Amino acid sequence: MSDSTSKPRREYRNLDLELIAVKYRLPTAGKVSILHRISGAILFLSLPIILIPLFAASVASPESFAALGSGFGGFLLKLVLLVVLWGFMHHLCAGIRYLTLDLHIGMDKVSAQKSAAIVLGTSIALTLVFAIKLFGAM
């Protein structure tokens, strides 16, 4: 049998990415995993851009510390700080979950789903507590 008489390969051209994205529902553990990576990237990128300059300004002199404290009155700066706080809270909670999974605790499907939901709830609740404190509702 020669190569010229072989059947051509099938081509699947019905891959509508929008339809796939709508039909496929990511489980809670998958969402936690993706958010863990996003929060890690936020923390990593905010370190040289936000946290180190803020720390350097706070320890330079008492005047710069006072000016920095009064500078946190802006809404945009508080919002950026809140995003970094969410990144830290989610990364911390998800990291604890992954450490327990590394110890083979909660490896079955039901326990993993529950721990993923607990991580989402806890990180959002902690972020809300900090948001209330940061925006002065307390």
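In what order do the elements of the protein chain run from the N terminus on? And, as the part to look at closely, which helices do the buried residues of H4 pack against?

Author: This is a predicted model, in which local features need pLDDT of at least 70 and side-chain atom pairs count only at pLDDT 80 or more, while totals for chains, interfaces and linings use all residues. Residues are numbered from 1 along each chain as its sequence is written, and side-chain values use heavy atoms, with hydrogens and water left out.

From the N terminus on, the elements run α-α-α-α-α, and the protein chain has five helices and zero strands. Both kinds of element are DSSP runs numbered from the N terminus, with helices being H or I of at least four residues and strands being E of at least two. Of the 138 residues, 20% count as buried, where buried means under 20% relative accessible area, exposed over 50% and partly exposed in between, for a 1.4 Å probe and protein chains only.

Helix H4 covers residues 75-102, and its 28 residues reach 40 Å from the first C-alpha to the last, close to the 40 Å expected at 1.5 Å a residue; the expected span is 1.5 Å times one less than the number of residues. Among the buried residues of H4 are Lys78, Leu82, Trp86, His90 and Arg97, and the buried residues of this helix pack against H2 and H5. After H4 comes His104, whose phi is positive, near 60°.

Consider H5 as the partner. The axes of H4 and H5 come within 9 Å and cross at roughly 150°, where axes are lines fitted to C-alpha atoms, for helices over the stretch in contact, and angles between N-to-C directions run from 0 to 180 degrees. That makes H4 roughly antiparallel to H5, a word for angles over 145 degrees, whereas those under 35 count as roughly parallel, 65 to 115 as roughly perpendicular and the rest as oblique.

H5 itself has 26 residues and reaches 37 Å from its first C-alpha to its last, close to the 38 Å expected, and what covers its buried residues includes H2 and H4.

As for H2, one of its residues is His36, which is buried at a relative accessible area of 16%. Not counting residues up to four places away in sequence, His36 touches His90, His91, Ala94, Gly95 and Tyr98. The axes of H2 (residues 28-60) and H5 (residues 109-134) come within 8 Å and cross at roughly 45°, and the two helices are therefore oblique to each other. Their crossing is left-handed, and the residues of their contact divide into seven nonpolar, one polar and no charged.

Conventions. A crossing is left-handed if the near helix is turned anticlockwise from the far one by less than a right angle, and right-handed if clockwise. Ala, Val, Leu, Ile, Met, Phe, Trp, Tyr, Cys and Pro count as nonpolar, Asp, Glu, Lys and Arg as charged, and the others, Gly among them, as polar. Contact means heavy atoms within 4.5 Å.
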